[in-house]
Amino acid sequence: MTAMHPTTLDLFADDALEQQPRDEQIGEQSWVLRGFALPVIDKLLPALDGILAAAPLRHMMTPGGFSMSVGTSSCGALGWITDRSGYRYSAVDPLTGKPWPAMPEMLSELAQAAAQRAGFADFHADSCLINQYVPGAKMSLHQDKDENAYAAPIVSLSLGLPAMFLFGGFSRSDKSQRIPLLHGDMVVWGGVDRLRFHGVLPIKPGQHPRLGERRINLTLRVAG
Ligand code: SIN
Ligand code: FE2
């Protein structure tokens with residue numbers, strides 16, 4: 001190949017950038033949708049603040065008696081909880097004694113659009129789990145299996161500081177893919193991949209321009 005004129009090179013560089021796949025397939029029915037939520041995040045953040053004012057983040061206790069490193073809350077008809085008696089969904093927030101805050105329409109629409117893009121039509125989440133990670137907080141490898149049925153995918157939205165997401169196989173000891181997740185990225189896993197192990201490595205210290213020293217992950221589910 002002969003040397004190219006610099007402007008030709010620049011053109012090639014732009015083309016290469018534009019052709020970079022924004023959807024990354026990480027499993028047979030699992031996708032990372034890079035930046036998918038960016039267009040709506042500015043409208044979403046005030047709604048999230050309202051939810052967390054009504055249903056504050058708290059460090060829940062695992063059945064084994066450990067306090068989780070993430071701060072947790074929920075919105076939607078059902079919220080995921082854990083305490084000494086086990087993991088489950090509840091229609092009432094045990095901290096406030098009230099129903100969980102409603103799921104913002106914009107959030108369920110975003111999740112539905114992400115699911116659709118990943119090949120799952122008619123995703124209507126009835127639960128959104130909110131996990132806040134400060135530097136050092138992590139999520140050990142686990143399966144999401146407290147939902148009543150597994151027909152619907154899990155749809156995850158990452159906000160704030162970056163995270164290294166672990167996407168494993170069907171047994172805890174299977175090797176995990178390491179997937180960096182940034183503000184605005186979404187991950188969808190369902191179908192044959194619905195019960196894959198996943199987790200998050202300890203969050204590294206840092207400051208995010210919108211969220212400060214934290215990462216917030218929302219996972220939308222059909223739980224009931
Ligand atoms: C979760 O598995 O519920 C959280 C995943 C994440 O924080 O990205
Ligand atoms: Fe999970």
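**Pockets, a cavity and a ligand**

Reader: Which residues of the lining of the largest pocket lie nearest its centre?

Author: In this predicted model, the largest pocket is lined by 34 residues. Those nearest its centre are Met-68, Trp-80, Met-139, Ser-140 and His-142. Each of the 34 counts as lining because it has an atom within 4 Å of a point of the pocket.

Reader: What volume does the largest pocket have, and which strands each supply at least two residues of its lining?

Author: The volume is about 680 Å³. Strands β6, β7 (139–142), β12 and β13 each supply at least two residues of the lining. By class, this lining holds 14 nonpolar, 12 polar and eight charged residues.

Reader: How do you know what takes up the space of the largest pocket?

Author: That space is taken by ligand 1. A molecule sits in a pocket if more than half of its atoms lie within 2 Å of the grid points, and ligand 1 is therefore placed in the largest pocket.

Reader: What makes a residue part of the shell around ligand 1?

Author: The test is a heavy atom within 4 Å of the ligand. The residues surrounding ligand 1 are Asn-131, Tyr-133, His-142, Phe-165, His-198, Val-200, Arg-215, Asn-217, Thr-219 and Arg-221. Three are nonpolar, five polar and two charged. Strands β6 (127–133), β12 (198–200) and β13 (215–221) each contribute at least two residues to this shell, and β13 gives the most, with four.

Reader: Why is the pair formed by Tyr-133 and ligand 1 called a polar contact?

Author: A polar side-chain atom of Tyr-133 lies 2.5 Å from an oxygen atom of the ligand. The cut-off for a pair of N or O atoms is 3.5 Å, so this pair qualifies. By the same cut-off, the side chain of His-198 qualifies, because one of its N or O atoms is 3.0 Å from a ligand oxygen. For the side chain of Asn-217 the distance to a ligand oxygen is 3.2 Å, so this pair also counts.

Reader: How much of ligand 1 does the protein bury?

Author: Taken alone, ligand 1 exposes 260 Å², and the protein buries 99% of that.

Reader: Which residues line the second largest pocket?

Author: They are Leu-161, Pro-162, Ala-163, Met-164, Pro-180, Leu-201, Pro-202, Ile-203, Lys-204, Pro-205 and Gly-206. The volume of this pocket is about 170 Å³. Nine of its lining residues are nonpolar, one is polar and one is charged.

Reader: What lines the largest cavity?

Author: Its lining consists of Leu-44, Ala-47, Leu-48, Ile-51, Pro-104, Leu-107 and Leu-218. Helix α2 (residues 41–54) provides the largest share, four residues. Leu, Ala, Ile and Pro count as nonpolar, so the classes come to seven nonpolar, no polar and no charged residues.

Technical notes:
Residues are numbered from 1 along each chain as its sequence is written. Chains are lettered from A and ligands numbered from 1 in the order in which they are written. This is a predicted model: local features need pLDDT of at least 70, side-chain atom pairs count only at pLDDT 80 or more; totals for chains, interfaces and linings use all residues. Side-chain values use heavy atoms; hydrogens and water are left out. A polar contact is a pair of N or O atoms within 3.5 Å; within protein, one must be able to donate a hydrogen and the other to accept it, and residues adjacent in sequence count only if both atoms are side-chain atoms. Accessible areas come from the Shrake-Rupley method with a 1.4 Å probe; for residues, only the protein chains shown count as cover. On a 1 Å grid over the protein atoms alone, a cavity is a set of points where a 1.4 Å probe fits but cannot get out, and a pocket is an open set with protein on both sides within 12 Å along at least five of seven lines; lining residues have an atom within 4 Å of a point. Grid points are joined across faces, edges and corners, and a volume is the space filled by probe spheres set on the points.
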